[in-house]
Amino acid sequence: MEIKLAKTAGFCFGVQRAVDTVHEQIKSGLTPIYTYGPIVHNETVVKELEEQGVCVLNTKEELASLEQGTVIIRAHGIGKEIYDLLGKKGINLVDATCPFVRKIHRIVEQEGAKGRQILIIGNAKHPEVEGIRGWCSGPSYVVESVEEAQNFTINSSEKLCIVSQTTFNYNKFKDLVEIISKKGYDIIVLNTICSATEERQTEAKEIASQVDAMIVVGGSHSSNTQKLFEICKKECENTYYIQSLEDLDLKTSPSIRYVGITAGASTPNKIIEEVQKHVRVKF
Ligand code: F3S
């Protein structure tokens, strides 16, 4: 059996950097260590870190109740008020916000200061988008669908700055920007989509179109893994979505000679390697 492993499978640059940051903090020996939200959407990674003493804070209230320790900010980033809150409390903050997300924070902060209202193309409930909104000093809006773009209105004298959630689909971003551009506002558009997601999806699609079976590895709550699964399933009926090797129930059949493997941005290499090794040895 031949295996094709996607080069883009697994942690993106920002997630790798955030996980490395947590390991560095563990090594430093300074405790207690917290992450604000799970560092990646992968239960295995989070559990392993918990075993090494890293606690996950899930709410702002939990964060506010801290008296001491180190809080690591994950790749998604946070709003300005959280930095202020930690600063006021004198809690040590280690910032693992992905530089691409940090760049968006700076854009919306600067453009807001110049008097532009901010429109984010993305999912309003996503922590990255919530964090970006936390850097907008004036009004900010979020648009995710064609319908929302069509219904979007602000005062005609207002100026607008449009940015995107880093993981938004580029074609959809273009379509939504086009709808809003027709409304006649003074607009500047900054495409802040990160290429890592697009490259991963393009490669997964290409591999899935060539293989007899496709394995997508990633956490069940990882939206980018779910998206990868959908893309692959369209190309290859025999697509499996697994969180780890235990979930894999790949049926052997003489017709399966070529297997593709890809993984979401929150899947550690160790799990991808285990799956790859298993498929190689077993079949
Ligand atoms: Fe950063 Fe792009 Fe990953 S924005 S966290 S490198 S998907």
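This is a predicted model: local features need pLDDT of at least 70, side-chain atom pairs count only at pLDDT 80 or more; totals for chains, interfaces and linings use all residues.
**Entry 1: ground rules**

Residues are numbered from 1 along each chain as its sequence is written, and side-chain values use heavy atoms, with hydrogens and water left out.

**Entry 2: overall build**

I looked up the secondary structure and found eleven helices and twelve strands. Helices (H or I, at least four residues) and strands (E, at least two) are DSSP runs, numbered from the N terminus. The C-alpha atoms fill a box of roughly 65 × 50 × 25 Å along the principal axes.

**Entry 3: the ligand and its pocket**

Where does the ligand sit? The ligand takes the space of the largest pocket, by the rule that more than half of its atoms lie within 2 Å of the grid points. I found Cys12, Gly14, Ala75, Cys98, Phe100, Thr166, Cys194 and Thr197 around the ligand; each has a heavy atom within 4 Å of it. That shell has five nonpolar, three polar and no charged residues. For the classes, Ala, Val, Leu, Ile, Met, Phe, Trp, Tyr, Cys and Pro count as nonpolar, Asp, Glu, Lys and Arg as charged, and the others, Gly among them, as polar.

The largest pocket holds about 1,000 Å³ of space; a volume is the space filled by probe spheres set on the points, which are joined across faces, edges and corners. Of its 40 lining residues, His126, Gln165, Thr167, Ser223 and Asn224 are the closest to the centre. Its lining has 15 nonpolar, 18 polar and seven charged residues. At least two lining residues come from each of α1 (13-28), α5 (99-113), α6 (127-133), α9 (195-208) and α10 (223-235).

**Entry 4: the second largest pocket**

I then checked the second largest pocket, at about 340 Å³. Of the 16 residues that line it, Asn169, Gln201, Lys205, Lys227 and Ile231 are the closest to its centre. The elements giving two or more residues to this lining are α8 (170-181), α9 and α10. By class I read four nonpolar, six polar and six charged residues.

**Entry 5: the cavity**

There is one cavity of 30 Å³ or more. Thr35, Pro38, Ile39, Val46, Leu49, Val54 and Val56 line the largest cavity, with α2 (43-51) and β3 (54-57) each giving two or more residues. This lining has six nonpolar, one polar and no charged residues.

**Entry 6: a cis bond**

Which form does the peptide bond from threonine 31 to proline 32 take, cis or trans? I found it cis, with omega near -5°. Proline 32 lies in the loop between α1 and β2 (33-36).

Key:
On a 1 Å grid over the protein atoms alone, a cavity is a set of points where a 1.4 Å probe fits but cannot get out, and a pocket is an open set with protein on both sides within 12 Å along at least five of seven lines; lining residues have an atom within 4 Å of a point.
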